[in-house]
Amino acid sequence: MKVAIIGYAQAGKSTFYRAAARGLAKGEVTSVPVPDERFDTIVAQVKPKKQTPATVVLHDDVEAANGAGKAFSQRFIDQAKKADLLLHVVRGFDNPISPYYTEIDPLRDQENIDVELVLADLQIVENRLERLQKSPTVKQSGSPDYLEKQFFDRVKPLLEEGTPMRAIEMNDDEQTVGRNYQFLSLKPMVVAFNVSESDAANPSAAIKTRIAELAKKETPAFCVSAPIEEEIAQLDSADQPEFLESLGLKEPASNVVIRAVYDALGLITFFTAGENDTHAWPLRKGSNALKAAATIHNEIAKGFIRAEIVHYSDYLAAGSLDAAYSAGKMSLEGKEYVIQDGDLLHIRNKS
Ligand SMILES: Nc1nc2c(ncn2[C@@H]2O[C@H](COP(=O)(O)OP(=O)(O)OP(=O)(O)O)[C@@H](O)[C@H]2O)c(=O)[nH]1
Ligand SMILES: [Mg+2]
């Protein structure tokens, strides 16, 4: 899953990218492990030869957005279109370089990017509606062009009011049309306000209010201090707790952001606790056991007999998979069983 880091110039995008990548950053694209305490617990207990966490792919290769109310460049739009999720890093710290506005105003910057995303989509909708006028089938009730015109006629005034596509109710066909057009405001979005060190643990009332407003619009938002996060990432894990405590943090803020990204992508995790490889697998919410089997390997899905399932809470209570099995906590499920976040799986199969 591709996560594009977007924002204005010098907002701290690359600093945050390096911090979230926990020292793994290579170039501008890095596969970043999703922090998961449950996975760490399983690994510590199983002690496998190899461990494979779930990951998301962070892209720091998107050109900075034009500031001061200028529209996005075509290059920005083309790069952002390819992403599954947009992670907006907002400048909330004093920067003497101040490339676009002199005064710091994270609320303005966050809103400006949102408005530009909607305007970029509105442009596409308007162009398409103009072309559709010339379509020979646009008046034929039920034709694809007819349906598209109806849909775009409905969303146009909403976009004009500044409503992002992701906040507009759509049926399945409309969702498909929206995805085909790669509308930017339809993509899930997470916001990281890059504020000063002292504000990160204790944000201003204005930022708290904005975070609450964004949460209502299904846009998870957080405060981070990107340079501090980068420092944390450089520390040995033994030295981290004391440093985090001195900052008033329970864990690195970038961990929280990456988990929110994963969740906003609509993903949950299931585990396979093998002695050779203990693996955390990303899976779309609502997927069944057959889909989980196919995620591991197509052959395993083809030969699917049953899924042995242990819920994570039962595993934790028992202390090991063997103990959970002995305590009767394993259930045998068929292909249609809906995987729950944290399930430990073993697929019985013919292959
Ligand atoms: N004081 C302070 N400086 C920061 C903070 N975040 C980033 N910086 C500094 O701001 C400058 C720009 O940071 P980058 O992470 O390169 O920003 P960017 O958004 O990737 O910049 P471009 O890719 O050039 O658009 C660097 O000198 C950082 O060290 C912060 O929270 N506080
Ligand atoms: Mg950068």
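Which strands and which helix do the buried residues of H3 pack against? They pack against strand E1 (2–6), strand E5 (85–92) and helix H4 (106–132). Keep that answer in mind while we walk through the rest. One caution comes with it: this is a predicted model.

Start with the whole protein. Its secondary structure comes to 15 helices and 12 strands. The C-alpha atoms fill a box of roughly 65 × 60 × 35 Å, taken along the principal axes. Of the 351 residues, 34% count as buried. Now look at the contacts between residues with a separation of 6 or more. Residues 24 or more positions apart account for 71% of them.

Next, find the sheet. Six strands form an open sheet, and their order is E2-E4-E1-E5-E6-E7. The pairing is mixed. Strand E2 (29–33) and E7 are the edge strands, as each pairs on one side only. Neighbouring strands are turned by 25° against each other on average, direction ignored. Zoom in on one pair. E1 and strand E4 (residues 55–59) run in the parallel sense and share three bridges. In one of the pairings, Lys2 has Val57 of E4 as its bridge partner.

Helices lie against this sheet. H1 packs on the sheet and touches E1, E2, E4, E5, strand E6 (189–195) and E7. The direction of H1 makes about 145° with that of E1. Helix H11 (residues 253–264) packs on the sheet too, touching E1, E2, E4, E5, E6 and E7. The direction of H11 makes about 160° with that of E7.

Now return to H3. This helix covers residues 74–81, and its buried residues are Phe76, Ile77 and Ala80. Look down the axis of H3: the buried residues fall within an arc of 95°, so they line one face of the helix. The face turned away from that buried side carries Gln74 and Arg75, which are exposed. The buried residues are the ones that pack against E1, E5 and H4.

Move on to ligand 1. How many residues surround ligand 1? There are 15, and the closest are Gly12, Lys13, Ser14, Thr15 and Phe93. Helix H1 (13–20) and helix H9 (226–234) are the elements that give two or more residues to this shell. H1 gives the most, with three residues. Sorted by class, the shell has six nonpolar, eight polar and one charged residues.

A few single residues deserve a stop. Thr41 lies in helix H2 (residues 37–46). It counts as partly exposed because it has 13 C-beta neighbours inside 10 Å. Thr41 and Leu316 are 275 residues apart along the chain, yet their C-alpha atoms are separated by 8.5 Å.

Lys47 lies in the loop between H2 and strand E3 (50–52). Its phi is near 50°, a positive value in a residue other than glycine. Lys47 has 9 C-beta neighbours inside 10 Å, so it counts as exposed. Where does Glu218 sit? Its place is in the loop between helix H8 (205–216) and strand E7 (221–224). Phi of Glu218 is near 55°, a positive value in a residue other than glycine. With 12 C-beta neighbours inside 10 Å, Glu218 counts as exposed.

Terms used: Residues numbered from 1 in each chain as written. Chains lettered and ligands numbered in written order. Predicted model: local features only at pLDDT ≥ 70, side-chain atom pairs only at ≥ 80, totals over all residues. Buried ≥ 20, exposed ≤ 12 C-beta atoms within 10 Å, placed from the backbone. Helix = DSSP H or I, 4+ residues; strand = E, 2+ residues; numbered from the N terminus. Arc of directions from axis to C-beta. Contact = placed C-beta atoms within 7 Å. Near = placed C-beta within 6 Å. Nonpolar A, V, L, I, M, F, W, Y, C, P; charged D, E, K, R; others polar. Pairing = 2+ DSSP bridges. Axes fitted to C-alpha atoms, helices over the stretch in contact; angles between N-to-C directions.
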